[in-house]
Amino acid sequence: CGTTSLYNYLKEHPQVFGPDLKEPRYLAHAEMKIETLGKMFQEMTIVNEGEYLALYEDGAGVKYRMDGTPFYMFYPEAIQRMKDISSDSRVIISIRNPVDRIISVYNMMWNRGLTQSGFKENIDRYRKNGEIQFNGSGLYSKQIRNLWDILGRDRVHIVNFDELKNNINKTLNDIYSFLEIEAIIPENAGKSFYSSKRQLRPGIIRNILTGKFAKNIYLKLPKTLVGKMKKIFNIKGLYNDSEIDEDIKQELLEFYLDDINETEKLTGFDLSSWKSI
């Protein structure tokens, strides 16, 4: 959550190298079954060891070379591979209110043209016997334990996404201390980075697609055409009139609540704001 921004902040440090490809996914490509996913995922995933190592050739001589793939948290095998690469591997994770997170993921998918369905329809795909069931998304406590068990607690630093947004200097200074590197706050600290590179510049087309045209005409077009337009233009804020029902939010909260309480115990964070809608 917020990993694209955090990755860009850390890239500015002289002792941290990050390749242009933030999420190579190499250490988990087998577990993720990349071949079954969409073309975009396949094109942006490294499956060859030589290609993976080549990403980091320009980082020779710095203290850390950085892989910004959040999916590694889901797979103990990927975490073990981190340790196999270096027994001193360090992991920084950023956790966010899981209800807000899943809404944010949906909005990202909509903006990129990866879904044409409303939020409720997307959530309904994860129902079993009428109840919402997710295997890993937003369930932090198990992932944190896996990281601790394999790497050790002293190799894992947990960031609260709210602190990342609201107190960037303290968040970065805590990370620098964890990494044992000089505290150098980058000029871009606090800037929000959007991971998609294919965005329209402000102008006529963007205004048309996000203004009255979108509301009165765009959403009445055939879904197949809408999907193609979203993939072509792929702009943040592309018009979406899918309102998120408070009942669904409450149901999601009830699903996540036990894990929120467990995550609160593990991290020592005050997560009381996560426990109500």
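What percentage of the 277 residues in the protein chain is buried? Buried residues make up 43% of them, where buried means under 20% relative accessible area, exposed means over 50%, and partly exposed lies in between (1.4 Å probe, protein chains only).

## Basis of the model

This is a predicted model, in which local features need pLDDT of at least 70 and side-chain atom pairs count only at pLDDT 80 or more, while totals for chains, interfaces and linings use all residues. Residues are numbered from 1 along each chain as its sequence is written, and side-chain values use heavy atoms, with hydrogens and water left out.

The mean pLDDT of the protein chain is 85, pLDDT being the predictor's confidence in each residue, from 0 to 100. A value of 70 or more is reached by 83% of the residues. Over residues 195-202, pLDDT stays under 50, and the model has 18 contacts beyond four places in sequence for this stretch. Where pLDDT is low, the predicted coordinates should not be read in detail.

## Overall architecture

The protein chain has 14 helices and six strands. Helices (H or I, at least four residues) and strands (E, at least two) are DSSP runs, numbered from the N terminus. A contact means heavy atoms within 4.5 Å. Among contacts between residues at least 6 apart in sequence, 70% join residues at least 24 apart.

The accessible surface of the protein chain comes to about 15,700 Å², and carbon and sulfur atoms account for 49% of that surface. Accessible areas come from the Shrake-Rupley method with a 1.4 Å probe; for residues, only the protein chains shown count as cover.

## Helix α1 and its surroundings

Helix α1 covers residues 3-11 and is largely enclosed by the rest of the structure, because seven of its nine residues are buried. These are T4, S5, L6, Y7, N8, Y9 and L10. They pack against β1 (16-17), β3 (91-95), α9 (161-166) and α10 (168-179).

Within α1 lies Y7, which counts as buried at 4% relative accessibility. Leaving aside residues up to four places away in sequence, Y7 touches G18, P19, L21, K22, M66 and G68. Y7 and G68 are 61 residues apart along the chain, yet their C-alpha atoms are separated by 6.6 Å.

## Two buried loop residues

M66 is placed in the loop between β2 (64-65) and α5 (76-85) and is buried, at 12% relative accessibility. Beyond its neighbours within four places in sequence, M66 is in contact with Y7, L10, K11, V16, F17, G18, P19 and Y56. The C-alpha atoms of M66 and Y56 are separated by 8.4 Å, the two residues being 10 apart along the chain.

I34 occupies the loop between α2 (29-32) and α3 (39-43). Its relative accessible area is 6%, so I34 is buried. Not counting residues up to four places away in sequence, I34 touches R25, H29, F41, Q42 and T45. Between the C-alpha atoms of I34 and T45, 11 residues apart along the chain, the separation is 7.8 Å.

## Aromatic rings

The structure holds eight aromatic pairs. Rings of Phe, Tyr and Trp (its six-membered ring) pair if their centres lie within 6.5 Å; planes under 30 degrees apart count as stacked, over 60 as edge-to-face and the rest as tilted. One of the pairs joins Y52 and Y56, edge-to-face, at 5.4 Å centre to centre and with 70° between the planes. Y52 is buried, with a relative accessible area of 7%, and Y56 is buried at 7% relative accessibility. F71 and F74 form an edge-to-face pair, because their ring centres are 6.3 Å apart and their planes stand at 80°. F71 is partly exposed at 24%, and F74 is partly exposed at 31%.

Ring pairs also link F17, Y26, Y52 and Y56 into a cluster. Elsewhere, R90 lies over the face of F178, at 5.6 Å from the ring centre; a charge sits over a ring if NZ of Lys or CZ of Arg is within 6 Å of the ring centre and within 35 degrees of the ring normal.

## The nonpolar core

A nonpolar core is a set of buried Ala, Val, Leu, Ile, Met, Phe, Trp, Tyr and Cys residues joined through side-chain atoms within 4.5 Å. The largest such core has 64 residues, and those with the most contacts inside it are F119, L252 and Y256. Helix α14 (residues 246-267) gives the most to this core, with seven residues.

Apart from residues up to four places away in sequence, L252 touches V99, I102, F119, I123, I132 and F134.
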